[in-house]
Amino acid sequence: MPRLFTALEIPRDAALSLSLLRGGLPGARWIDVENYHLTLRFIGDVEGHVADEVANALDRVRRPSFNLTLSGVGAFGQKKPHSIWAGVAASPDLYALQGEIARICQRLGLTPDPRKFTPHITLARLRNSNPHEVAHYLSARGNFLTAPFRIGRFVLMSSRDSVGGGPYVIEEAWPLMAAEVPRSTSLLANASDASRII
């Protein structure tokens with residue numbers, strides 16, 4: 001049974017920016033560019049009927065689309081670093097979406113994720129890397145920043161146990177709602193602006 005998790009896809013331009021961070025660190029196994037993603041909730045190895053329940057429950061998510069900016073790099077495992085990641089600029093919409101998915105998983109009785117949600121994109125897995133070399137790599141790339149990009153959907157992904165993560169398969173996708181400005185409000189605002197100008 002494949003491992004399941006909900007995630008956000010990384011668009012091409014942002015993935016190309018991330019790919020420029022590859023290299024320059026001995027002992028790093030770099031993630032393939034096409035496998036970049038931001039995990040929202042790890043679900044794990046579940047039976048088919050549980051996967052169906054998760055998918056049916058996720059059908060009810062109604063959240064607006066939002067912009068996301070990737071910012072900064074870091075490592076997990078302070079004394080013995082085991083992975084390098086790119087971070088995400090503060091985003092209340094991202095946390096709201098992740099929180100709703102986490103509550104859905106909790107209601108379905110799935111095992112809670114013991115780790116606090118730390119939005120990131122894994123760039124490399126490390127094996128026997130020197131902490132000083134990792135610190136040097138991070139300090140040289142600390143000002144990493146992408147242009148904002150639109151998140152228009154979230155996905156349910158699967159992965160098979162493999163070295164280095166991936167290949168990942170999108171099993172299902174759910175669109176986020178387009179943010180709409182109510183017409184009546186904008187017309188009223190324009191009318192009042194016009195009256196101030198006259």
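Visitor: What makes Asp52, Glu53, Asp59, Glu171 and Glu172 a patch of negative charge on the surface?

Guide: Those five names gather in such a patch in this predicted model. Asp and Glu count as negative, and a patch takes residues with over 30% relative accessible area and no salt bridge, like charges being joined within 9 Å. A salt bridge would be a side-chain nitrogen of Lys or Arg within 4 Å of a carboxyl oxygen of Asp or Glu. Both α2 (48–58) and β10 (168–175) supply at least two residues of the patch. The model is predicted, and local features need pLDDT of at least 70, while side-chain atom pairs count only at pLDDT 80 or more. Residues are numbered from 1 along each chain, and side-chain values use heavy atoms, without hydrogens and water.

Visitor: Why does Glu171 count as partly exposed?

Guide: Buried means under 20% relative accessible area and exposed over 50%, with partly exposed in between (1.4 Å probe, protein chains only). Glu171, in strand β10, has 43% relative accessibility and therefore counts as partly exposed.

Visitor: Why does Ala89 count as partly exposed?

Guide: Ala89 has 30% relative accessibility, so the term partly exposed applies. Ala89 lies in the loop between β6 and α3 (92–107).

Visitor: What makes strand β7 mostly covered?

Guide: Five of the seven residues of β7 (120–126) are buried.

Visitor: How do you know that β6 and β7 pair?

Guide: Two strands pair if DSSP finds at least two bridges between them. Strand β6 (residues 83–88) and β7 have five, in the antiparallel sense, and Ala86 has Ile121 as its bridge partner in β7. Strand β2 (residues 28–30) also pairs with β7 in the antiparallel sense, over three bridges, and Trp30 stands opposite Ala124.

Terms used: Patch = residues over 30% accessible without salt bridge, like charges linked within 9 Å, V, L, I, M, F, W, Y side chains within 5 Å. Areas by Shrake-Rupley, 256 points an atom, 1.4 Å probe, with all protein chains shown as cover. Charge placed at Lys NZ, Arg CZ, Asp CG, Glu CD. Helix = DSSP H or I, 4+ residues; strand = E, 2+ residues; numbered from the N terminus.
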